Amino acid sequence: MKPDIYTLTSELHDKEAVQAVTQDFLGSLGIDYTFKGSDFSDYAHSPLPLIYVCTGGTEGIFQKLLNAHPSPLTTHHSPFYLLTSGKSNSLAASMEILSYLSQHHLEGEIIHGSAEYISQRIQLLAKVSEARQQLNGCRLGVIGKPSDWLISSEADYQKVKERLGIELIDIPMQELLDTIANLKSQNLNLKSYIYVALMTLIERYRLQGFTLRCFDLLNTVHDTGCMALAQLNSEGYVAGCEGDVPAMLSMMITRAVLGVSGFQANPSNMNPESGEILFAHCTIPLNMVERYELDTHFESGIGVAIRGYMKTGPVTVFKVSGDLSRHFIAEGQLVRNEAKPNLCRTQQVIRLDNPHLLSSYFLTNPIGNHHIIMPGHQQQVLEEILNIKQ
């Protein structure tokens, strides 16, 4: 996503000199952008607007733009990003503007430093803006209520809508079961009735993802949803387990950032001294693993489960609460995959970069049991997404 760059320039400064400095400064950043100049008329519609404070003496110009009726700066964007080269008193003006914003309970940030720092900061903001655009307007289904043992894994539907623009839609479990039964009655010889039934609901409700009360399938259709969820996750949807809504939200944020849903798993064992945690679950997106094997579902011993082997290396462990008031993000290393017979089939040993988090979070104040594992170190971009206020 390319940022739009708007400018503030004092009439006291020589226009040609300012233009030369502007071209030199913006050119040094090495980024793609759309130059809007001093025309703020479409500022409110820009996905990522940056205000380049070219010179000092521009504080009053900004104030007039902000307080005009109607104001071209009336926007859902927050904070205001003030880009400055540090020349011609641009930094001083930016600080005065930022102070004014703070006095009026508006958020802002001055983007200033080396060309490399500014470039990296803008690229991160562009990634965050693109991710939030993907989240806004998403429709996620809750197929059945959370499993009975997930006593802390519901969500505040209104807050999720307000904060992320995601709409949560309740879908009765019986509707899925009826869809499966209808497909079977047609003798279609499908490879997976569960997969086709879930796709039917996705299309019916125009969903970008869902979480499924999957254990109900064991005693009704005598099968598991593990393979269907793995396949749907690899096809661009978010498909969560056990009706866990916070886990599904965490997966949707992960997909917006990385293009993969992440691995929903629960800690099965941990070593507070080494910072190692064994995460396990019976399904994983097929596009996250180097190879996989098929086994039975661990708890029930029926159906199909997946033992996936993800590439070792940097990972991030992530979870948001159902009302988005809390989140957990920790970077670490996937040190090995395991295949113990007495656990859910996909097993990952992750060593956190900060071992103290095992005692300060997992063993004292966790957000439920399921957490999302994603490749790479993603803490910075996740923090930005969750800290932006509407």
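Tyrosine 6 is buried, with a relative accessible area of 0%; buried means under 20% relative accessible area, using a 1.4 Å probe and protein chains only. Tyrosine 43 also counts as buried, at 0% relative accessibility.

This is a predicted model, in which local features need pLDDT of at least 70, side-chain atom pairs count only at pLDDT 80 or more, and totals for chains, interfaces and linings use all residues. Residues are numbered from 1 along each chain as its sequence is written, and side-chain values use heavy atoms, leaving out hydrogens and water.

Let's look at the rings. The structure holds 11 aromatic pairs. Rings of Phe, Tyr and Trp (its six-membered ring) pair if their centres lie within 6.5 Å; planes under 30 degrees apart count as stacked, over 60 as edge-to-face and the rest as tilted. Here are two pairs:

| Pair | Centre to centre | Angle between planes | Type |
|---|---|---|---|
| Tyrosine 6 and phenylalanine 40 | 5.2 Å | 25° | stacked |
| Tyrosine 6 and tyrosine 43 | 5.2 Å | 65° | edge-to-face |

Tyrosine 6 lies in strand β1 and tyrosine 43 in the loop between β2 and β3, so this pair ties together parts 37 residues apart in sequence. (Strands are DSSP runs of E, at least two residues, numbered from the N terminus.) Tyr6, Phe40, Tyr43, Phe62 and Phe80 form one aromatic cluster.

Which ring does arginine 291 lie over? Arginine 291 lies over the face of tyrosine 309, at 3.9 Å from the ring centre. A charge sits over a ring if NZ of Lys or CZ of Arg is within 6 Å of the ring centre and within 35 degrees of the ring normal.

Note on methods. Helix = DSSP H or I, 4+ residues; strand = E, 2+ residues; numbered from the N terminus. Buried < 20%, exposed > 50% of the residue type's maximum accessible area, 1.4 Å probe, protein only.
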